[in-house]
Amino acid sequence: MFLYDKYKNERKEYRLLSLANGIVLEDTETKEIVLDPKEELILPKLPGELIVKPALIWKIRPSKNDQIKVSYLTKGMEWESNYVVELKDKTFNLSGWVNIQNTQAQPSTM
């Protein structure tokens with residue numbers, strides 16, 4: 001994979017070590033470790049842990065109750081969401097729009 005610095009117009013090769021708790025890279029030349037780089041990531045292919053399109057999947061059991069309560073636990077971000085439910089006989093379509101703002105400070109690179 002590569003990191004692209006648009007200010008320097010430079011592209012440098014790195015090895016992806018982990019995505020578990022942030023991005024961890026190793027410089028292929030110097031062997032230096034970089035944590036959560038600010039530069040643009042250029043991946044040859046999408047790693048298995050990542051998805052292209054965000055998804056939220058709910059599994060709801062049939063119920064006689066006509067209300068559903070949904071809650072979320074988040075850390076380091078604020079968000080605002082709006083949902084529209086379209087009822088059709090025994091099914092429904094749910095559409096949602098979410099605005100997310102990252103409020104957690106980004107860790108510095110090494």
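Start with a charge on a ring: the charged end of Arg11 sits over the ring of Phe2, 4.1 Å from the ring's centre. Keep in mind that this is a predicted model. The protein chain is built with 7 strands and 0 helices, and 10% of its 110 residues count as buried.

**Fold**
- Going along the sequence, you read the pattern β-β-β-β-β-β-β.
- If you take the contacts between residues at least 6 apart in sequence, 34% of them join residues at least 24 apart.

**Surface and burial**
- The protein chain has an accessible surface of about 10,300 Å².
- Carbon and sulfur atoms account for 51% of that accessible surface.
- As for burial, the share of residues that count as buried is 10%.

**The largest pocket**
- Its volume comes to about 530 Å³.
- A set of 18 residues lines the largest pocket.
- Out of that lining, Ile60, Asn65, Ile68, Leu87 and Phe92 are the ones that lie nearest the pocket's centre.
- Strand S6 (77–88) and strand S7 (91–102) are the elements that give two or more residues to this lining.

**Rings**

Terms used. Residues numbered from 1 in each chain as written. Predicted model: local features only at pLDDT ≥ 70, side-chain atom pairs only at ≥ 80, totals over all residues. Heavy atoms only, no water. Lys NZ or Arg CZ within 6 Å of the ring centre and 35° of its normal. Helix = DSSP H or I, 4+ residues; strand = E, 2+ residues; numbered from the N terminus. Buried < 20%, exposed > 50% of the residue type's maximum accessible area, 1.4 Å probe, protein only. Contact = heavy atoms within 4.5 Å. Areas by Shrake-Rupley, 256 points an atom, 1.4 Å probe, with all protein chains shown as cover. 1 Å grid on protein atoms, 1.4 Å probe; cavity = no way out; pocket = protein on both sides within 12 Å on 5 of 7 lines; lining within 4 Å. Points joined across faces, edges and corners; volume = space filled by probe spheres on them.
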